[in-house]
Amino acid sequence: MELEKQIESIGRSSNGLFGKDFLLTWEKSRDDLLTTLRVARVLKEMREQNISPRVFDTGLAVSNFRDKSTRTRFSFASASNLLGLAVQDLDEEKSQISHGETVRETANMISFLSDFVGIRDDMFLGEGNKYMREVAESLDEGFARGVLPVRPGVINLQCDLDHPTQSMADLMHLESQFGSLENLRGKKIVMSWAYSPSYGKPLSVPQGIIALMSRFGMQIELAYPEGYGLIPDITEMAEKQAVESGGSFSISHSMEEAMAGADIVYPKSWAPFHIMEERTRLLLGGDKKGLQELEVQCLANNARHKDWEYDEAKMRLTKSQDALYMHCLPADISGVSCKEGEVNAEVFEKYRVRTYLEAGFKPYIIAAMMFTQRFERPAEILEGILNRDRCRVFGE
Amino acid sequence: MELEKQIESIGRSSNGLFGKDFLLTWEKSRDDLLTTLRVARVLKEMREQNISPRVFDTGLAVSNFRDKSTRTRFSFASASNLLGLAVQDLDEEKSQISHGETVRETANMISFLSDFVGIRDDMFLGEGNKYMREVAESLDEGFARGVLPVRPGVINLQCDLDHPTQSMADLMHLESQFGSLENLRGKKIVMSWAYSPSYGKPLSVPQGIIALMSRFGMQIELAYPEGYGLIPDITEMAEKQAVESGGSFSISHSMEEAMAGADIVYPKSWAPFHIMEERTRLLLGGDKKGLQELEVQCLANNARHKDWEYDEAKMRLTKSQDALYMHCLPADISGVSCKEGEVNAEVFEKYRVRTYLEAGFKPYIIAAMMFTQRFERPAEILEGILNRDRCRVFGE
Amino acid sequence: MELEKQIESIGRSSNGLFGKDFLLTWEKSRDDLLTTLRVARVLKEMREQNISPRVFDTGLAVSNFRDKSTRTRFSFASASNLLGLAVQDLDEEKSQISHGETVRETANMISFLSDFVGIRDDMFLGEGNKYMREVAESLDEGFARGVLPVRPGVINLQCDLDHPTQSMADLMHLESQFGSLENLRGKKIVMSWAYSPSYGKPLSVPQGIIALMSRFGMQIELAYPEGYGLIPDITEMAEKQAVESGGSFSISHSMEEAMAGADIVYPKSWAPFHIMEERTRLLLGGDKKGLQELEVQCLANNARHKDWEYDEAKMRLTKSQDALYMHCLPADISGVSCKEGEVNAEVFEKYRVRTYLEAGFKPYIIAAMMFTQRFERPAEILEGILNRDRCRVFGE
């Protein structure tokens with residue numbers, strides 16, 4: 001009954017995500033995002049009730065990680081498995097890509113019997129999302145020319161611009177913590193830079209957060225030390241969206257000021273936009289010495305902002321001294337995973353289990369992205385699943 | 001209906017591939033090869049019609065890659081998955097094989113619940129196929145002595161002698177492009193050496209091509225610069241087969257001459273037989289300096305034959321100036337993947353999508369090899385699949 | 001019928017392994033161990049009769065190997081696959097664990113949709129089992145706090161103390177070779193140190209063997225050169241258990257003396273307990289030079305005991321000159337895998353296939369550990385499987 005109502009809420013009409021890749025949340029309509037959340041919730045509920053939402057008897061989901069990952073790798077594997085797909089890693093060191101193969105060719109070679117390709121490529125500004133679109137275009141051609149029996153859906157598992165599986169999982173967590181998306185209206189969320197002893201963290205998480213949360217009537221505050229800005233286009237877009245959705249958007253350069261009265265805080269390190277630009281330029285030019293100097297300079301810059309740690313004093317400034325703390329994990333926890341970091345150990349501990357809950361939505365978000373990409377009318381398929389009476393675990 | 005007829009064409013009698021490993025096409029009868037092609041076609045058709053040909057509820061397919069691979073790795077994974085098997089990689093760097101385990105023991109240890117073992121071992125002349133037979137004998141013993149509940153089938157994913165999953169996929173492509181195997185009679189196919197800036201490419205593709213295509217009444221022309229011959233026994237066998245099947249076989253040492261009037265061309269680099277022999281000898285003797293010198297010498301030799309590029313001028317010599325271009329991929333494309341290579345960029349582009357189609361047959365060929373190895377009467381099983389009404393994707 | 005009787009023998013009452021991790025055999029009651037053996041036997045029999053015991057439609061089994069492995073890796077993969085789970089490797093070099101993530105967090109991040117976590121961590125005394133318990137506690141918390149929908153079971157795939165999947169497979173082999181567990185009463189089993197040219201082999205196999213076999217009324221003889229003792233607590237426990245179960249326990253320092261009249265022999269190298277302690281201490285202190293010196297010293301010690309090879313002369317001392325030879329494999333075979341080793345080549349050859357049979361029980365033992373951890377009344381589920389009529393291979 002509960003499940004049936006949830007399925008009903010998805011609606012009967014053709015869904016806008018059908019047949020499209022999930023590369024950036026801002027390419028998706030608000031309705032599309034709501035559909036994703038609802039499908040994710042149904043899949044989560046089904047699994048908890050021992051109903052198997054498996055829709056693929058066989059099929060491959062290709063994972064292409066061009067950067068390290070534990071949680072996203074397992075989330076992708078979990079989502080694929082939940083729907084019945086086997087994961088096949090495209091490990092670019094093992095494969096002949098290292099022999100100079102072109103992206104276009106490889107995209108087809110890995111996709112003859114594949115239903116999805118998940119890609120993480122977040123290391124270099126201007127490169128990651130571009131690569132994903134190159135893969136997507138290659139798959140378009142392969143399908144159009146009869147090479148591929150289906151057009152595999154591409155899912156962005158983090159690029160230089162956005163981290164949609166993270167931000168959507170974060171949104172699902174907020175919906176869960178605050179009771180509904182409606183309840184997020186007027187809430188103040190602070191996306192804040194934080195100090196970290198490491199170098200070159202991608203911009204995709206803060207960009208993804210301000211770009212997504214600005215569409216739900218929230219008061220977005222973006223805080224960072226002078227010079228640590230994000231990609232200007234994305235900041236501008238977030239501002240515009242915030243106003244249009246009935247919220248607000250502001251930028252500040254003091255962590256303390258930003259935290260005042262916050263309902264939600266997201267303190268997280270990143271490298272400044274202009275440094276990331278410089279880094280890509282040096283890299284493409286093969287300037288190793290320049291890259292080393294840039295790293296030294298960047299770490300020295302960071303070290304001037306060690307006070308950008310989310311600690312108890314700052315927590316006390318937030319709404320009821322208890323704003324919801326969020327993080328994509330792993331966090332740089334002072335005295336735990338590093339000497340000085342993004343967050344004070346006691347403050348982190350207070351919200352630790354909630355960051356695990358936050359992360360736990362990601363497998364279902366990815367599964368929902370797959371589901372809505374593949375099925376024009378997801379509600380019908382979900383009803384079919386409910387009616388076919390198939391258990392995930394036999395005898396439970 | 002279409003599918004039912006295709007299944008009927010396979011025939012009802014016991015198939016000759018049943019219970020036997022697929023190591024070399026020339027160990028198989030013409031009927032066996034036809035059966036493989038027909039089963040592959042049915043499996044492909046079924047998947048395109050959303051009929052799941054899954055026959056294994058559980059089971060493992062072991063992949064043992066002793067050389068790099070993207071496309072064969074994915075093809076093997078796809079075939080295994082299509083039939084319901086999970087792939088387990090035997091990664092010899094991770095495993096205790098590096099501790100001096102014998103082949104015999106390992107073959108059994110990985111096979112307790114395995115249904116197939118796919119092996120690529122193509123680096124050293126005289127070694128790869130030998131290793132596969134060693135594995136096969138070990139499995140024979142394990143099964144005979146009650147160690148293994150079933151005898152896993154061994155599939156050659158490329159050795160020093162043959163590359164049967166490639167050549168059979170190539171044959172399926174030819175059947176598809178020319179309408180039938182019958183239509184291949186009298187067609188001229190040129191297996192030609194081509195220049196590449198890389199060293200030590202295996203002989204298994206050209207050998208596999210002349211050994212297989214010579215059985216279907218084609219006019220085989222093998223072309224290479226003086227000194228770049230293949231294993232003499234295989235060349236002789238191909239000649240004999242060509243004549244017996246009503247075709248012809250000739251060798252030439254000019255790419256231009258070879259291409260004249262060709263219906264099909266397969267320009268592809270390889271290392272000369274005698275160099276590969278020398279290489280194995282030096283390697284077994286641990287002579288690192290000798291190996292380096294051999295590489296230098298071999299690359300210098302290659303460089304004298306940069307005119308062995310398949311370019312527009314040579315294409316114009318072929319039948320209707322438009323012979324079907326084939327390649328196992330990745331090709332060394334001049335100006336794209338290397339400065340000077342096997343094929344001119346524009347010529348490659350003209351046939352590029354067709355090389356993708358060619359590669360796309362491989363997963364089904366591998367699945368058909370598994371299927372016919374396992375089921376004595378594949379047509380009966382395929383009929384059973386057709387009648388059980390099981391979709392690959394739910395609700396599609 | 002045979003299967004039905006086997007299932008009946010498991011009993012109807014709640015099984016003591018339900019909801020508990022399998023970390024050490026000595027934490028389990030004798031009844032629990034018998035249940036594991038019986039379930040393993042039923043699963044093996046089912047598979048051989050083409051009955052699929054798959055109970056998971058989807059789900060992940062995480063494998064976390066912190067040391068090399070071929071056979072245990074394949075056994076874990078086989079067991080997971082047999083029950084319907086996909087294996088996802090937690091490769092700690094690829095993952096962000098190398099970035100300082102805490103065990104607690106990672107344990108949860110990999111478990112959102114996982115049913116089991118198998119861990120091998122056998123390199124350092126005092127560390128492996130401790131790590132497993134840390135993971136287990138983290139999963140307890142995650143489940144209690146609503147992070148995880150089910151509490152994944154943890155399975156010890158070898159630690160510093162025990163190697164329960166090995167010792168239980170060994171016990172199953174003995175049951176099979178001697179006809180019943182009852183027949184093992186009074187039999188003499190010799191767990192003997194043997195010479196090996198390698199360094200730092202874990203203690204978990206000999207410890208696991210004496211700790212398990214001492215519970216079935218056998219006469220345990222532990223033999224090693226002076227100074228090569230195991231962890232004292234485990235030796236004492238084994239002695240106590242042996243007496244309680246109606247058997248006996250003795251230690252000797254001569255391989256010849258030990259072998260006299262033996263029914264079963266298990267000659268296997270290990271590093272002395274005190275060396276392993278020292279090694280952990282040096283390692284935690286980062287003393288690389290000390291570690292190198294320790295290795296040199298340890299190998300020199302070993303070399304004084306090259307006469308601890310199980311050879312034909314020693315075999316002749318055993319019961320009927322034909323004691324059952326056992327080994328966890330790979331064995332260091334003199335003249336085969338090393339110059340001088342644990343066992344003479346001809347002696348090994350005589351029992352070689354039986355060591356394969358021994359190893360072949362491991363996948364089913366692991367599957368039974370999973371099965372009994374997950375299902376309170378395994379007999380009921382197994383009956384359900386028998387009645388549902390699902391084949392492992394279609395059409396066979």
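Trainee: In which loop is B:S320 found?
Mentor: This is a predicted model, in which local features need pLDDT of at least 70, side-chain atom pairs count only at pLDDT 80 or more, and totals for chains, interfaces and linings use all residues. Residues are numbered from 1 along each chain as its sequence is written, while chains are lettered from A and ligands numbered from 1 in the order in which they are written. Helices (H or I, at least four residues) and strands (E, at least two) are DSSP runs, numbered from the N terminus. On that basis, B:S320 sits in the loop between helix 12 (312–316) and strand 9 (324–325) of chain B.

Trainee: Is B:S320 buried or exposed?
Mentor: Count the other C-beta atoms, placed from the backbone, within 10 Å of its own: 20 or more means buried, 12 or fewer exposed, and in between partly exposed. B:S320 has 8 such neighbours, so the residue counts as exposed.

Trainee: What is phi of B:N50 near?
Mentor: B:N50 lies in the loop between helix 2 (30–48) and strand 1 (60–65) of chain B. The residue is partly exposed, with 16 other C-beta atoms within 10 Å. Its phi is positive although B:N50 is not glycine, with a value near 65 degrees.

Trainee: What radius of gyration does chain A have?
Mentor: The rule for a globule is 2.2 Å times the number of residues to the power 0.38, and the radius is taken over C-alpha atoms. With 396 residues, a compact globule would come out near 21 Å, and chain A agrees at 21 Å.

Trainee: In what order do the 4 strands of the open sheet in chain A stand?
Mentor: Two strands pair if DSSP finds at least two bridges between them. Strand 1 (residues 60–65) and strand 2 of chain A pair in the parallel sense over 4 bridges. The sheet's pairing is parallel, and its order is 2-1-3-4.

Trainee: Which strands of chain A stand at the edges?
Mentor: Follow the order 2-1-3-4 to its ends. Each edge strand has a single partner, so one side of each lacks a neighbour in the sheet; these are strand 2 (86–89) and strand 4 (153–156).

Trainee: Which helix of chain A packs on the sheet?
Mentor: Axes are lines fitted to C-alpha atoms, for helices over the stretch in contact, and angles run from 0 to 180 degrees between N-to-C directions. Contact means C-beta atoms, placed from the backbone, within 7 Å. The packed helix touches strand 1, strand 2 and strand 3 (114–120) of chain A and makes about 170 degrees with strand 1: it is helix 3 (residues 71–83).

Trainee: By what turn can chain A be laid on chain B?
Mentor: Copies are superposed by least squares on the C-alpha atoms of residues with pLDDT of at least 70 in both. The RMSD is 0.0 Å, the shift along the axis is 0.0 Å, and the turn is 120 degrees. The two copies are thus related as by a three-fold rotation axis.

Trainee: Which helix gives the largest share of the side of chain A that touches chain B?
Mentor: At this interface, 31 residues of chain A are in contact with 32 residues of chain B. Strand 2, helix 4 (103–109) and helix 15 (378–388) of chain A each supply at least two residues. The largest share, 4 residues, comes from helix 4.

Definitions and conventions:
Two residues are in contact if their C-beta atoms, placed from the backbone, lie within 7 Å.
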